[in-house]
Amino acid sequence: MSDCDQMLLKQLQIYKERIKRLESQAIPAPGNNKEDKNSNTLTSKSSNGLGSDVSATPKNIATAVSSSLETEDKTLLPTQNQAQKQDSIRTQSTQYAKEQQDNKLPKLKQPQARPVRSIIGIMSHDESPMEKERRQLIRDTYLSFYSAIKLRYHQIASSSNNYQMKTDLAKKLANQTATVHRILQKQENETELEHFICSLNDLLQGKLENPDLCRLAYAFVIAANPNGTTLLLNFNDTHPMIAPLAVDDPKITRESDAVYLNIKNNGNQGKTPTWFRYVTSVLNERSWTKDWDYIFKTDADNLFFPPKLLSFLERHSSKQPRPFRNVYGGGRINFRRCDKKHDPHCRLPPDDSWRGKFYMQGGSYFLSTDLAAVVSDPSKVTMHNITMFPDEDMLTGLLANAHSDKLDFIIDDGKYPFHVHPVKRHTVFVDKWITLVQKWLDEEDNAR
């Protein structure tokens, strides 16, 4: 019950008490009233509130009560206008109270789009000890930037016998590691950073503690069937996508963060479309196509710097509607420059519309999940096409441009460098990594 309703009830009670009091005063008291034999009326002294010689009939009592009430307090019986005014005041009070309550409630933030999430396939092989060392070097540098950020120094510059050089690199990396940790610990999302980079295999096998926090899921892509074909897109139980492990060979060991495709090792004869086919298949099986945005193909001699890479993807994708469609990103190469027939990289189809404007340099490029499915479609990717256009990056560009004349290009023009390519030697790889980290540290210092 509102305050106004309580006030009206209180006034009504006052009216009832006054009427009862006046009625009791109108009853003739012994010795004070005279009985008129010619009438059934009563008379009262002036002290009874009705005035002298006033008949105490019910009609007169009501008239007297009304007059008394108006005399004592005219505001106690509101008129129709007053009632309307009270209703208006009550409505305004209710609205004001609601506004005050709303102002006390915390303002809800607008829901933000989730961060961009990408799957990175790092092309590798098992045909050389140096390649295995490179994989470990990658793990110990950019793949562990947000977690361990440490290098196994005995693997640095393994091709060199210069011990002093190894020691100097180790000192530089040790100093940087402490500084990087100090900066990362001051960031608002410091507790989430260690989950930003994860193994694709761990993600698929449900081994991650916080899988939703992973933004870069990586896998080393290794062709593991020396007797297989170079391209496998129509896979089944007889020809699975992942190569069976030869259990009878004790020398074969598999690394937990590598994907072993059931094909023969190659660079341009089908390994890349087989990788795209594998990823899009597992995303479809788990209904994850809307949870992941891009699929990368990158070489082992490509050096990423994770903070820059994540910022680059967020910057160029923040205004795009989800899910991303027909996105093709990387360092562009203009098809129009490929006019020399003696260059095998410039074997272009005669139909200019299939050519499009650009294709992305093969050291590192990425596609939205829908476009990755297109460039690994068995009906489009055939050995005939692969033979006709033997460079995997150009073939990917041709298939992407043939699919749509409205591709959404995300161009890596070098103005916001997030990677270095190519880096062949291990010593140069580490040196470039130190340079990238130091530049980032300097930028962070200047920002503060």
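**Chain overview**

The model is predicted: local features need pLDDT of at least 70, side-chain atom pairs count only at pLDDT 80 or more, and totals for chains, interfaces and linings use all residues. Residues are numbered from 1 along each chain as its sequence is written, and side-chain values use heavy atoms, with hydrogens and water left out.

**Composition and surface**

- The chain has 14 helices and ten strands, taken as DSSP runs (H or I, at least four residues; E, at least two) numbered from the N terminus.
- Of its 448 residues, 42% count as buried, that is, under 20% relative accessible area with a 1.4 Å probe, protein chains only.

**Second largest pocket**

- A pocket is an open set of points on a 1 Å grid over the protein atoms alone, where a 1.4 Å probe fits, with protein on both sides within 12 Å along at least five of seven lines; lining residues have an atom within 4 Å of a point.
- The second largest pocket holds about 460 Å³ of space, the volume being that filled by probe spheres set on the points.
- Its lining comprises 26 residues, with Met123, Asp299, Ala300, Asp301 and Lys424 nearest the centre.
- Elements giving two or more residues to this lining include strand 1 (118-124), strand 5 (294-299) and helix 13 (392-403).

**Helix 13**

- Ten of the twelve residues of helix 13 are buried, among them Glu392, Asp393 and Asn401.

Note on methods: Buried < 20%, exposed > 50% of the residue type's maximum accessible area, 1.4 Å probe, protein only.
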